[in-house]
Amino acid sequence: MNIKALLSLALQPLARWAHTFGPGLRRLWAHAHLAAGLKSPVHRSVVIEGPVELHGNRRITLGQRLYVYPGQYWETQGHGNLEIGDGVVLSRGVHLVAFASVQIGAGTMIGEYASVRDANHRRGAGALRDSGHDAAPVSIGRGVWIGRGAAVLAGVSIGDGAVVAANAVVTRDVAAGAVVGGVPARPLRRGEREAA
């Protein structure tokens with residue numbers, strides 16, 4: 001028997017163990033990591049698939065039964081706070097930034113690499129980086145579906161059951177049940193809905 005065969009035979013129990021328990025251990029670690037970062041309990045029904053990158057004051061409230069994919073970036077600055085309701089799904093790479101307030105209603109799903117930000121940089125005489133921010137709360141209703149790569153910007157309110165198409169840029173309020181898409185996002189006609 002060659003060395004590769006012996007090594008493969010010796011590592012089979014470890015490989016079976018990692019395959020069986022690896023995802024569970026990763027989730028357990030990510031859950032504990034998030035709770036430690038928030039300095040508050042995270043309900044046991046919350047599934048965290050990978051570490052969440054936290055920045056700022058960490059004024060974050062989480063509901064129950066969340067499903068959080070890897071690659072999250074959550075930032076709360078100043079008096080800003082982030083509230084995520086029950087049963088929310090945050091897909092891979094979602095960015096949530098609150099300088100005032102970002103509220104996400106129960107049962108909402110946010111697609112991969114989408115961004116929800118309640119603040120914009122000010123333009124000043126000095127460097128943009130040092131010019132500060134203007135912030136306005138963002139409110140996302142219950143059962144909203146925000147597509148992959150969409151951006152929801154400061155001061156926007158999205159009503160219950162609305163759909164935001166992939167890669168849309170939402171700069172104005174969206175009515176409950178509406179389907180919007182485009183840059184900037186606007187209501188889609190019936191024929192355009194199937195394409196969204």
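The model is predicted: local features need pLDDT of at least 70, side-chain atom pairs count only at pLDDT 80 or more, and totals for chains, interfaces and linings use all residues. Residues are numbered from 1 along each chain as its sequence is written, and side-chain values use heavy atoms, with hydrogens and water left out.

**Exercise 1. State how many helices and strands the protein has, and what share of its residues is buried.**

Step 1. Take helices (H or I, at least four residues) and strands (E, at least two) as DSSP runs, numbered from the N terminus. The protein has 2 helices and 21 strands.

Step 2. Buried means under 20% relative accessible area, exposed over 50%, and partly exposed in between (1.4 Å probe, protein chains only). Of the 196 residues, 38% are buried.

**Exercise 2. Find the order and the edges of the open sheet of 6 strands.**

Step 1. Two strands pair if DSSP finds at least two bridges between them. The order is 2-5-8-11-16-19, with parallel pairing.

Step 2. Strand 2 (52-56) and strand 19 (169-170) are the edges; each has a single partner strand, so one side of each lacks a neighbour in the sheet.

Step 3. Look inside the sheet. Strand 11 (residues 115-117) and strand 16 (residues 151-152) are joined by 2 bridges, in the parallel sense. Here V116 stands opposite V152.

**Exercise 3. Describe the surroundings of E75.**

Step 1. Check for a salt bridge (a side-chain nitrogen of Lys or Arg within 4 Å of a carboxyl oxygen of Asp or Glu). Lys and Arg count as positive, Asp and Glu as negative; His and the chain ends are not counted. E75 is buried but has no salt bridge, and the nearest side chain of opposite charge, R117, is 5.4 Å away.

Step 2. List contacts (heavy atoms within 4.5 Å). Leaving out residues up to four places away in sequence, E75 touches H55, L96, V97, A98 and F99.

**Exercise 4. Classify the aromatic pair.**

Step 1. Rings of Phe, Tyr and Trp (its six-membered ring) pair if their centres lie within 6.5 Å; planes under 30 degrees apart are stacked, over 60 edge-to-face, and the rest tilted. The count is 1 aromatic pair.

Step 2. The ring centres of Y67 and Y69 are 5.0 Å apart and the planes stand at 55°, so the pair is tilted.

Step 3. Y67, at 26%, is partly exposed. Y69, at 32%, is also partly exposed.
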